[in-house]
Amino acid sequence: MKNVERIVRDVAERGEAALRDWALRLDGKEPARAEPSEGLPTESLLALADAVRRWHQLQRPPDVRLEIAPGVELERRWVPLRSVGIYVPRGLVSTLVMCAVPAQVAGVERIVVMTPPEGSGLVAAAADVLGVDEVWAVGGPQAIAALAYGTDSIARVDKIVGPGNAYVNEAKLLVAGDVAIDLPAGPSEVVVLAGADADRHVAELELAAQAEHGPGTVCRIVDVNGDAERALDEIETLAPEHLVLLGADAEALASRIRNVGAVFVGPWSAVAAGDYATGGNHVLPTGGWARAVGGLGLESFMKPVTVQRLTRAGLARVRPIVEALAAVEGMPAHAKAMRR
């Protein structure tokens, strides 16, 4: 991973020239806008986009306002980010939908897509259908660095989202001190929690489907074996990206799961349906991150702004509280500011 750090630092320091050098060295092509190609299943893409849009529209957080005390009012409102960079792995048009559509619903003004040259035509075609017009055929850590620090041709963004390979994820972690990221989505994971009456064929189908994501994919079955508590504890420790619940107790167990990216309940709830059709976001935490964070949602493309309003009487009302706490913390200027 030392090479990843070297690439990121080089692009941060030399900008366009470094981006070009690394793109040629690693991808064999100069950085360029991606041109749409044929072969896109447009009708299916639009069906997925519609489901994602409708599901994420419901997730808009409410603005709230409260008078804490007479003359002391607080307001919290949600605003969209100005710009978002999306990393789309080679040819994964569904991932573009999962990232771009929620950003559009949130009201993000600028959406820029980075994707490896191979397969970039299909991603550009999907972006065109979705109304996203800035798609670059640039992959790897150099793409992440360009989004984070900007170049002559690519303006920096406020946040980077989207999954990638180990090198892309390492780059995201390296730039996280300078630009917000969603989460470091590593190798994919599926765990099947199987009751005694679970259909083992269905379980094997789920493991095989997930294994298509490539080397390092975690595919595992946890048998209940009459001890649901032990099985649940194991799931909570694993904190998997995807969890499939099979067996008569699947529905009862679903509400007890805390550490997971997404739960699929029962034999008909295929993970692939979530990947391509239901509208639930498939950019999910891996590597144990599900203990603390969830997958992409509308709030991933927004931020809260707090507004505080005090009247003269309100300031006088809270003055004794401020003076007492400022005194114990050794902040005399805080107390002085209250005596305006």
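Visitor: How do β4 and β5 pair, and over how many bridges?
Guide: In this predicted model, strand β4, residues 110-115, pairs with β5 in the parallel sense over four bridges.

Visitor: Which residue of β5 stands opposite T115?
Guide: T115 faces A137 in β5.

Visitor: What is the strand order of the sheet?
Guide: The order is β5-β4-β3-β6-β7, an open sheet of five strands with parallel pairing. The edge strands are β5 (134-137) and β7, each of which pairs on one side only.

Visitor: What holds strands of a sheet together in general?
Guide: Strands of a sheet pair through backbone hydrogen bonds, in a parallel or an antiparallel arrangement.

Visitor: How many bridges join β3 to β4?
Guide: Five bridges join β3 to β4, and the two strands run parallel. Within this pairing, I86 has V113 of β4 as its bridge partner.

Visitor: Is β3 buried or exposed, and why?
Guide: Five of the five residues of β3 are buried, so the strand is largely enclosed by the rest of the structure. Both faces are covered: S83, G85 and Y87 lie on one side, V84 and I86 on the other, and all are buried.

Visitor: Turning to β8, how many of its residues are buried?
Guide: Six of the six residues of β8 (189-194) are buried, and the strand is mostly covered. E189, V191 and L193 point one way, while V190, V192 and A194 point the other way.

Visitor: What does β8 pair with in the parallel sense over six bridges?
Guide: The partner is β9, with parallel pairing over six bridges. V190 has C219 of β9 as its bridge partner.

Visitor: Now helix α7. Which of its residues are buried?
Guide: In α7, residues 166-175, the buried residues are V168, N169, A171, K172 and V175. Seen down the axis of α7, they fall within an arc of 160 degrees, so they line one face of the helix.

Visitor: What covers the buried residues of α7?
Guide: The covering elements include α1 (2-14), β3 (83-87), α6 (140-149), β6 (159-161) and β7 (180-181).

Visitor: And what does the side chain of N165 reach at the start of α7?
Guide: A side-chain oxygen of N165 comes to within 3.0 Å of the backbone nitrogen of Y167.

Visitor: Where does N225 lie, and is N225 buried or exposed?
Guide: N225 lies in the loop between β9 (218-223) and α9 (228-238). N225 is exposed, with a relative accessible area of 65%.

Visitor: Where is A239, and is A239 buried or exposed?
Guide: A239 is in the loop between α9 and β10 (242-246). At 0% relative accessibility, A239 counts as buried.

Visitor: Where is G107 placed?
Guide: G107 is in the loop between α4 (93-106) and β4. At 34% relative accessibility, G107 counts as partly exposed.

Visitor: What separates the C-alpha atoms of G107 and L46?
Guide: The C-alpha atoms are separated by 19 Å, and the two residues are 61 residues apart along the chain.

Visitor: Lastly, how many aromatic pairs are there?
Guide: A search of the whole structure finds zero aromatic pairs.

Visitor: Which charged residue sits over the ring of W22?
Guide: The charged end of R25 sits over the ring of W22, 4.2 Å from its centre.

Methods. Residues are numbered from 1 along each chain as its sequence is written. This is a predicted model: local features need pLDDT of at least 70, side-chain atom pairs count only at pLDDT 80 or more; totals for chains, interfaces and linings use all residues. Side-chain values use heavy atoms; hydrogens and water are left out. Buried means under 20% relative accessible area, exposed over 50%, partly exposed in between (1.4 Å probe, protein chains only). The arc is that of the directions from the helix axis to the C-beta atoms. Contact means heavy atoms within 4.5 Å. A polar contact is a pair of N or O atoms within 3.5 Å; within protein, one must be able to donate a hydrogen and the other to accept it, and residues adjacent in sequence count only if both atoms are side-chain atoms. Rings of Phe, Tyr and Trp (its six-membered ring) pair if their centres lie within 6.5 Å; planes under 30 degrees apart count as stacked, over 60 as edge-to-face and the rest as tilted. A charge sits over a ring if NZ of Lys or CZ of Arg is within 6 Å of the ring centre and within 35 degrees of the ring normal. Two strands pair if DSSP finds at least two bridges between them.
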